[in-house]
Amino acid sequence: MTLELRSCTYAYRPWSPPVLRDLDYALDHGLTILLGPNGAGKSTLLRLAASVTRPRKGTVTLDGIPSHQRSYRAAVAWMPQRITAMTALTAREQVAYTGWLKGMNKRDAWEAAARALSRVDLTGQADTRTKRLSGGQLRRVGVASALVHGARVLLLDEPTAGMDPRQRRVFRDLLAPLAEEVRVLLSTHDVADLAEECDHVTVLDEGRIAYTGTAAGFLAHAPRDTAPGRAAEAAYTALSESGARL
Ligand SMILES: Nc1ncnc2c1ncn2[C@@H]1O[C@H](COP(=O)(O)OP(=O)(O)OP(=O)(O)O)[C@@H](O)[C@H]1O
């Protein structure tokens with residue numbers, strides 16, 4: 001399976017400079033983390049891959065299927081930065097409702113919601129109203145909603161932002177088994193948290209790819225004298241400072 005952006009250029013306004021320029025990108029298997037400074041274009045790349053918006057130039061495809069087609073949208077799930085708790089709905093109802101909106105019948109959506117909540121370790125909160133969940137639990141409801149209709153690619157926009165270290169740990173522990181089943185592309189500023197646990201790393205800088213490859217290849221950019229446990233941050237800093245381009 002290949003999710004690919006080819007020669008993609010995107011600007012928010014016809015007259016404004018492009019946020020992404022001539023971007024070529026293919027999402028690898030497993031868990032890929034997407035790094036880059038504020039404004040680098042991470043959310044924009046995810047929105048193009050999620051088919052929330054379309055490139056001004058270039059193409060976005062999954063196994064050759066263009067991103068505007070229904071079968072593309074069915075296979076690719078996106079979780080935006082903000083998840084809204086639907087007032088009065090329980091976690092299972094909120095996830096099932098998303099499945100229903102995506103075209104499932106009510107009974108299938110209800111069953112799929114239970115499975116999706118179990119994948120994010122929220123079975124115990126299935127009957128809790130989402131407005132009563134913690135921020136971290138609500139993000140997991142967001143992931144369950146993204147997965148409820150059987151997507152093969154999961155795009156997560158800063159899912160760990162604002163979580164405390166314990167919640168981030170819980171969230172990270174969910175990702176490895178998920179990434180064995182679906183391809184996951186996750187944007188984050190928590191470089192140290194994830195870079196040593198993911199399969200691949202992509203670094204965006206001013207709308208261009210500064211690095212994309214294995215996590216080991218990324219960590220190799222850290223200077224030799226880097227203290228243990230600091231390799232990810234050091235590699236990121238080294239790449240940012242050198243302005244390295246592939
Ligand atoms: N809706 C919008 N209208 C106009 N410009 C936008 C819009 N959304 C983003 N931008 C601009 O596009 C550029 C890239 O933004 P984007 O949100 O993709 O970056 P990012 O890497 O996700 O940043 P952050 O880490 O801060 O979330 C920024 O200069 C931003 O100001």
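Author: The account below concerns helix 3 and its packing partner. The model is predicted, so local features need pLDDT of at least 70 and side-chain atom pairs count only at pLDDT 80 or more, whereas totals for chains, interfaces and linings use all residues. Numbering starts from 1 along each chain as its sequence is written.

Helix 3 spans residues 91-101; helices are DSSP runs (H or I, at least four residues), numbered from the N terminus. Its buried residues are A91, R92, Q94, V95, A96, T98 and G99, where buried requires 20 or more other C-beta atoms, placed from the backbone, within 10 Å of the residue's own. The cover over them includes helix 4 (106-119) and helix 5.

With helix 5, helix 3 packs at an angle of about 35°, the axes lying 8 Å apart; axes are lines fitted to C-alpha atoms over the stretch in contact, and angles run from 0 to 180 degrees between N-to-C directions. The crossing is right-handed, the near helix being turned clockwise from the far one by less than a right angle. A91, Q94, V95 and T98 of helix 3 meet V141, A144 and S145 of helix 5, contact meaning C-beta atoms, placed from the backbone, within 7 Å. These residues comprise four nonpolar, three polar and no charged; Ala, Val, Leu, Ile, Met, Phe, Trp, Tyr, Cys and Pro count as nonpolar, Asp, Glu, Lys and Arg as charged, and the others, Gly among them, as polar.

Just after helix 3, G103 adopts a positive phi of about 105°.

How values were computed
Helices (H or I, at least four residues) and strands (E, at least two) are DSSP runs, numbered from the N terminus. Two residues are in contact if their C-beta atoms, placed from the backbone, lie within 7 Å. A residue is buried if 20 or more other C-beta atoms lie within 10 Å of its own, exposed if 12 or fewer, and partly exposed in between; C-beta atoms are placed from the backbone.
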